[in-house]
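Here is a short briefing on a single protein chain. Look over the sequence and the fold before reading on.

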Amino acid sequence: MDRKIAEFVFGGYRLAVDVEVVRAYYASRDENWITCECDGCRNFAQAVETLPQAVRDFFETLGLDVEKPGELMYYQGTPSTLSGGGWYHLVGRILAGDTPPGATELFPAGWYQLCDGFSVAFKSQCDLLPDDFPAPAIQMEFEHRMPWVLKEANPYIYE
């Protein structure tokens with residue numbers, strides 16, 4: 001089977017992504033990807049529904065399922081928002097903008113802003129890559145500020 005590789009330019013990044021293989025991989029996994037029961041992960045699982053259409057369209061273009069992150073983490077909150085980050089995996093290569101091996105600065109091409117409160121960056125080194133993920137793989141990291149949607153108070157508010 002011939003693989004159709006799509007090229008994308010996002011800010012300082014140029015990527016070659018096999019969108020159909022990415023889409024098929026995520027579609028074939030019906031299990032709940034967010035298994036952590038911490039307040040931040042429970043909030044993300046619900047707040048992801050509130051993401052702007054531009055972010056949802058970006059994920060769709062790459063074949064990603066926004067509800068299936070590889071990892072999530074949280075930094076700081078307010079009573080109505082929570083900032084954090086995480087990553088997703090893609091099948092493809094970074095053609096320009098990658099972090100060179102041994103570099104002390106991650107993401108020299110910078111963060112690509114999708115909208116206010118949601119940015120992405122890419123690297124070739126993958127963390128927590130599932131054993132069955134198709135090769136070659138790259139990692140899309142993201143930073144977000146999302147609404148706090150849980151009924152309980154946001155515990156990520158640090159004075």
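The points below cover confidence, fold, packing and surface.

This is a predicted model, in which local features need pLDDT of at least 70, side-chain atom pairs count only at pLDDT 80 or more, and totals for chains, interfaces and linings use all residues. Residues are numbered from 1 along each chain as its sequence is written, and side-chain values use heavy atoms, with hydrogens and water left out.

**Confidence**
- The chain averages a pLDDT (the predictor's confidence in each residue, from 0 to 100) of 94.
- At least 70 is the score of 98% of the residues.
- Among the elements, strand β2 (residues 13-17) has the highest mean pLDDT, 98. Strand β3 (residues 71-77) has the lowest, 95.

**Fold**
- The chain has 3 helices and 7 strands. These are DSSP runs, numbered from the N terminus: helices are H or I with at least four residues, strands E with at least two.
- From the N terminus, the order is β-β-α-α-α-β-β-β-β-β.

**Size and packing**
- The radius of gyration, taken over C-alpha atoms, is 16 Å; a compact globule of 159 residues would have one near 15 Å, so the two agree. The globule rule is 2.2 Å times the number of residues to the power 0.38.
- The C-alpha atoms fill a box of roughly 50 × 35 × 30 Å along the principal axes.
- Of the 159 residues, 43% count as buried, that is, under 20% relative accessible area with a 1.4 Å probe, protein chains only.

**Charge**
- The chain has 12 positive (Lys and Arg) and 24 negative (Asp and Glu) side chains.
- The centres of the two sets lie 4 Å apart, with charges placed at NZ of Lys, CZ of Arg, CG of Asp or CD of Glu.

Terms used: Buried means under 20% relative accessible area, exposed over 50%, partly exposed in between (1.4 Å probe, protein chains only).
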